[in-house]
Amino acid sequence: MKSAQIAMLTLSALVGFSFAGEPATKPASVYPLNTCIMSGETLPTDGTVQIEQIGGREVRFCCKDCVGSFKKDVEANQKKLDAKIVETLKATYPVKNCVVSDEALGGMGEPILYVHRATNQLVEFCCKDCVKQFEKNPGKYLAKIDEAAATQPSK
């Protein structure tokens with residue numbers, strides 16, 4: 001899927017509208033991975049994907065066995081999931097400045113890579129203080145990322 005399509009899916013999910021412009025009854029879920037975090041297998045598209053809410057976030061699996069494996073060590077597997085989301089989304093991250101301070105990313109050292117678990121969305125910050133500020137009102141800052149993604153040319 002092209003980055004512009006992903007951006008439009010993310011934007012439509014947060015705004016709550018379908019692609020046809022009709023109001024959605026429930027925002028669409030945008031899941032950033034197309035593989036199971038446990039097996040590495042491609043997630044099924046035939047409606048058999050296992051979707052679980054674990055630790056305040058959506059996690060998708062190829063089968064029930066993988067759900068059980070994930071739940072055996074939730075903390076370690078949440079970190080594994082975060083790392084995979086960062087790996088997947090880093091190259092197409094649409095913002096060049098910290099969404100909180102507006103400082104250039106990298107201007108204060110390596111950017112802080114953070115996964116907002118409620119949305120499984122990557123957010124980059126200039127410093128740890130900005131992470132704390134973000135957590136007070138994540139919707140405000142996630143909207144900046146979605147707006148930037150929506151204006152990027154498709155690749």
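Predicted model: local features only at pLDDT ≥ 70, side-chain atom pairs only at ≥ 80, totals over all residues.
**Stop 1: the nonpolar core**

Begin by selecting Val59, Phe61, Tyr93, Val99, Val123 and Phe125. Within the largest nonpolar core, which has 36 residues, these six touch the most other members. Next, colour the elements that give two or more residues to this core: strands 2 (57–61), 3 (112–116) and 4 (121–125), together with helices 2 (64–72), 3 (74–89), 4 (128–136) and 5 (138–151). In soluble globular proteins, nonpolar side chains tend to be buried together.

Which residues is Phe61 in contact with, leaving aside its neighbours within four places in sequence? The list runs Cys36, Ile37, Met38, Leu43, Pro44, Val49, Gln50, Glu52, Ile54, Cys66, Val67 and Phe70.

**Stop 2: where helix 2 meets helix 3**

Select helix 2 and helix 3. Their axes come within 5 Å and cross at roughly 110 degrees. Helix 2 is therefore roughly perpendicular to helix 3, as angles of 65 to 115 degrees count as such. To see the contact itself, show Ser69, Phe70, Lys71 and Lys72 from helix 2, then Val74, Asn77 and Gln78 from helix 3. Sorted by class, the residues of this contact are two nonpolar, three polar and two charged.

**Stop 3: salt bridges along helix 3**

The structure has seven salt bridges. Stay on helix 3 and select Lys79 and Glu75. Their side chains form a salt bridge, with N and O 3.7 Å apart. Both residues belong to helix 3 and sit four residues apart, about one turn of the helix.

Move along to Lys84 and Glu87. The closest N and O atoms of this salt bridge are 3.4 Å apart. Lys84 is partly exposed at 28% relative accessibility, whereas Glu87 is exposed at 56%.

**Stop 4**

Select Arg117 and Asp82. They form a salt bridge in which the closest N and O atoms are 2.7 Å apart. Where do the two partners lie? Arg117 is in the loop between strand 3 and strand 4, while Asp82 is in helix 3, so the pair ties together parts that are 35 residues apart in sequence. Check the surface as well: Arg117 is partly exposed at 30% relative accessibility, and Asp82 is buried, with a relative accessible area of 15%.

Salt bridges with shared partners join Arg57, Asp82 and Arg117 into one network.

**Stop 5: Gln53 and Ala118**

Finish with Gln53, which belongs to strand 1 (residues 50–54). Gln53 has a relative accessible area of 58%, so it counts as exposed, the cut-off being over 50%. How many residues apart in sequence are Gln53 and Ala118, and what is the C-alpha to C-alpha distance? They are 65 residues apart in sequence and 9.7 Å apart in space.

How values were computed. Residues numbered from 1 in each chain as written. Heavy atoms only, no water. Core = buried A, V, L, I, M, F, W, Y, C linked by side-chain atoms within 4.5 Å. Buried < 20%, exposed > 50% of the residue type's maximum accessible area, 1.4 Å probe, protein only. Contact = heavy atoms within 4.5 Å. Salt bridge = Lys/Arg side-chain N within 4 Å of Asp/Glu carboxyl O. Axes fitted to C-alpha atoms, helices over the stretch in contact; angles between N-to-C directions. Parallel < 35°, antiparallel > 145°, perpendicular 65-115°, else oblique. Nonpolar A, V, L, I, M, F, W, Y, C, P; charged D, E, K, R; others polar.
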